[in-house]
Amino acid sequence: MKRCLNGLGLVALLGLLLASSAHADVVDDVWRGTHVRLNAARIRVHGNTFATGYWLLNKSANSLDLHVPARDFGVGSDLMLNLYGSRSGNVITWTFDDTLPRPYSLGGANSVTRVRGTLRAFARLVRGADDPYCERAACPHNVELVLTSGSQVWVDGYTDIVFKVFWTEAVEVQQFVAYAGVPRPRLSSVRMLTSTNRCPATVPTELSGEVTLSSPAPTGGTLVELLSVDASVGVLNVRVPEAQRTARFALRLPSGWSGPTVIQAASGGAVHKLAVGLMKCVFEVVPFKAWASLPVSVIPRFLLEGGAVVARVEGEESDTLFTSRMEPYPLREVLGVERVDVRAVNSGGDLFGTAYGPKGTGAFRLRAGAVKSGVEQWVEGYEALTGNAHGVPLVRWPEDADAVYLVDEVGPLPKENLKGLAKARLRFNALGEVATTVETSKGVRAVRIFGEESTILVDEESEVSALNDVGMVLGTARTSEKLFRPFLWTPKGESQWLPLPEGFVSARGVALNDSGWVVGTATAADGKTKAAFLFRAGAEKTSLLDELAPEELRKAGYRIQEALAVTNELQVLVRAVDDQGQRVHLVLSP
């Protein structure tokens, strides 16, 4: 479902309120819900105290009226109390005026004949399990009703000793707490979004997951409770936003962790479990066994897990998504705009980009695996810069060339530590780190930015090529001999120069996955001969992709000249030439 956000919080909230399945406020949930659960009520009248609790009072959907037998309040009478409800803001007012079928004895010579008055209750959102009477996995209501000022109740009756003396007395309401609204939606599923095909990291890292509800969340959202069996793995409860069915959560992994653990998720009485563990780490170079080719007229830009590609057809200015089966989805047609420029993809299958149309510009997040469903997040008027594995975009406002904004559920928030970098190419990971290239007093440098800390990665002219979700940065430096040399920076603050393939004098690092596998392109001394290479962090030598290509490609005379991207599944996007010298783009798979 599309979520529309922009820089003005009120406009963002209005957009949510006007969504087809959104609700006006908490009172609206009371109106459309059934039953009111009376948790505690205590009144005192004419020297007598009456108390009740945990009664379920019948209420029809799409109404605020209650027709409650007096016995539900602990009063031994056949009276049907008719409370007629109305609303003003977040306050519900019930009025009633009912004559008892028979006088109700209060003891002694006192009897009650009539009950009338006004009850005014403030409706407050209950955020899931913070209802003290709510079971852990199944919260029956989402609104708390607490008596507020303006409530007045009277009883009329008489004292019959020699003759009847009629009287009217105010009722002292000592306690009144009730719950109403709608049930917490049932949890439909829980799954991991980011690939677990990575090696254990030397620092704490994060994976991204998603919970899905069986129906849209009510006003204020719905809390889904999350628990990891392995206490060293951090996971927090997540709130599904109002009118939405899905929400993402982060799974914090300690350093060196490979698992497994079990994640338990619960909402609305439904409990789902998910086993999570990192796949077996690949340390050795393995040959590629499968391959797929892109149409000749296509220029690829990004590679997604599973082999899907974002590319641009020659002669066009808008991007197209090609599935792993090479089925094309022109994104301008999917979004109904004139042009789409994808700026980044993540390991969960999200595309981050900018759409340009007659009605203006918008930054979006789109899930490649559900491209027909359209955008999941839309930020009106902004342009996309990048996004991370949790689906969080960084955007810019065209009229503020220096500012970078992070988009959360409310809208774009300025990132002061990234001020002045809106025109740079930013890499943004699940840990909240940013890597980019900046101009310093010593010249152009590759830097890593985290919070207020900015770290220059190598003290030479350099640029950033990639940043992975375990904090490694891939870059390329320019040596004093005017040659290019790739390097890999680790979270420990160490930089490793990548060894060049034999026979080559210069190289550029291009892409990096979460296990530390690097792909790049090397150049020979003649400046013309190029070859794509594969390297793993900590290894002593690089491998040429030509030597690892599928046997049938080698026999057909294909030569791989450039590497363009690599996934966590070790799929590699390359540019090659066939035996006729024609350029082709291939996706290689182990």
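Two strands count as paired if DSSP finds at least two bridges between them, and strands themselves are DSSP runs of E with at least two residues, numbered from the N terminus. The views below show a predicted model, in which local features need pLDDT of at least 70 and side-chain atom pairs count only at pLDDT 80 or more, while totals for chains, interfaces and linings use all residues. Residues are numbered from 1 along each chain as its sequence is written, and side-chain values use heavy atoms, with hydrogens and water left out.

**View 1. Strand E47 and its two antiparallel partners, E46 and E20.** Strand E46 (residues 572–577) pairs with E47 in the antiparallel sense over 6 bridges, with Val-572 standing opposite Leu-588 of E47. E46 and E47 form a hairpin with 5 residues between them, and Gly-581 in the turn has a positive phi of about 80 degrees. Strand E20 (residues 290–293) is joined to E47 by 4 bridges, again antiparallel, and here Ala-292 stands opposite Val-587.

**View 2. The disulfide between Cys-199 and Cys-281.** The structure holds 1 disulfide, a term that denotes a pair of cysteine sulfur atoms within 2.5 Å, and in this model the S to S distance between Cys-199 and Cys-281 is 1.6 Å. Cys-199 lies in the loop between strands E13 (187–192) and E14 (205–213), and Cys-281 in the loop between strand E19 (270–276) and E20, so the pair ties together parts that are 82 residues apart in sequence. The torsion about the S-S bond is about 75 degrees, and the disulfide is therefore right-handed. Cys-199 is buried at 6% relative accessibility, and Cys-281 is buried at 16%.

**View 3. The open sheet E41-E42-E43-E44.** These 4 strands form an open sheet with antiparallel pairing, and its edge strands, E41 (506–512) and E44 (543–544), each pair on one side only. Between E41 and E42 (residues 517–523) there are 6 bridges, and Leu-512 stands opposite Val-518 in E42.

View 4. A polar atom of the Ser-465 side chain lies 2.7 Å from the backbone oxygen of Gly-509. Leaving aside residues up to four places away in sequence, Ser-465 touches (heavy atoms within 4.5 Å) Arg-427, Leu-474, Gly-475, Thr-476, Gly-509 and Val-510.

Conventions
Polar contact = N/O pair within 3.5 Å; in protein donor to acceptor, adjacent residues only side chain to side chain. Buried < 20%, exposed > 50% of the residue type's maximum accessible area, 1.4 Å probe, protein only.
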